[in-house]
Amino acid sequence: MTAVDTAVDMSTALGAAPIPSPVLTASGCSANGAELEPFVDLTAIGAVVTKSVQLRPRSGRPTPRMAETPSGMLNSIGLQGPGIDGLLADDLPWLAERGVRAFVSIAGTRVEDFAELAQRLRGVPGVLGLEVNISCPNVESRGEVFACDPVAASDVVSAVRAVADPAHPVYAKLSPDVTDIVSVARAVTDAGADGLSMINTLLGLVIDPDTMRPVLGGVTGGLSGPAIRPVALRCVWQVHRALPHVPILGMGGIRTGLDALQFVLAGASAVSVGTAVFHDPSAVARVHEELAVALAQRGFASLRDAVGFAHREAA
């Protein structure tokens, strides 16, 4: 760390769980962390947010699964993965052996799926907390997106919080594809969420002008990258203004420390870096360093002092 870094207290927390850095990976963009080990000290970042895991192995959606878009990309992976058995047998032990904090993303098609996953993760070494993915836009049925309905979203979070390890903060991951994100945020926090992850990707579509058909095998996919950053910031701003005491893990197109600073000023107490790692595997560590410098240059002694600063009345 540079001299500037040490001048700023970069510690923060996910719920009541302290972390040394406010910068985490984003679910789905770096598998479960091993791919980044050659480029980043995984023990120094806030946490590795795992790829969303389900009860059973899942093959995912048909190919092609990715498409470039202006200032972003569409993905239609469809939550491919080995299921909870594979995660518990391989990935989580690998992270725990190295002292890496794991923030486990869980997903399901029924409320009971989420609850069973949370229960199976109780007491697992290295698990810092749970990110409840109620908002993945690239599953087969849009009817499965719990985050588009405040009642359905709160049902999932309530079930998870009832059985999850009491030491595990539970964060609900929200979708921007709703009319009123504040109402969903309020519903899940009332149901027991310790914090909010914002935002998941936006549902998008690309058509190939030569074939005149959708590019993605699954037709639609999740839009990520810098193109969605203004939408993500708006969501974080609105929710922090309405629920200023609810911790927010902000994400959506973060490439630099100044991008991360905007999320912090809008109300996020931590951020996740996702799509940027595809072209810069060291992005998570770099964003931490750049954010520390940006905070120091603006006279902040700690990250916590900057959270929500943009909401304060001008002097």
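Analyst: We take the sheet, then the aromatic pairs. Keep in mind that this is a predicted model.

User: What is the strand order of the open sheet of 4 strands?

Analyst: The order is 5-6-14-11, and the pairing is antiparallel. Strand 5 (66-69) and strand 11 (202-205) each have a single partner strand, so they stand at the edges, with one side left without a neighbour in the sheet. Neighbouring strands are turned by 40° against each other on average, direction ignored.

User: How many bridges join strand 6 to strand 14?

Analyst: There are 3 bridges between strand 6 (residues 72-75) and strand 14 (residues 220-224).

User: Now the rings. How many aromatic pairs does a search of the whole structure find?

Analyst: The search finds 3. For geometry, planes over 60 degrees apart count as edge-to-face. Phe114 and Phe146 have ring planes at 85° and centres 5.6 Å apart, so this pair is edge-to-face.

User: Which parts does that pair tie together?

Analyst: Phe114 lies in helix 3 (residues 111-120), and Phe146 in the loop between strand 8 (127-133) and helix 4 (150-163), so the pair ties together parts 32 residues apart in sequence. Buried means under 20% relative accessible area. Phe114 counts as buried at 0%, and Phe146 counts as buried at 12%.

User: What is the geometry of the pair formed by Phe300 and Phe309?

Analyst: That pair is edge-to-face, with 5.3 Å centre to centre and 85° between the planes. Phe300 is buried, with a relative accessible area of 12%. Phe309 is partly exposed, at 39%.

Technical notes
Residues numbered from 1 in each chain as written. Predicted model: local features only at pLDDT ≥ 70, side-chain atom pairs only at ≥ 80, totals over all residues. Heavy atoms only, no water. Pairing = 2+ DSSP bridges. Helix = DSSP H or I, 4+ residues; strand = E, 2+ residues; numbered from the N terminus. Axes fitted to C-alpha atoms, helices over the stretch in contact; angles between N-to-C directions. Phe/Tyr/Trp six-rings, centres within 6.5 Å; stacked < 30°, edge-to-face > 60°. Buried < 20%, exposed > 50% of the residue type's maximum accessible area, 1.4 Å probe, protein only.
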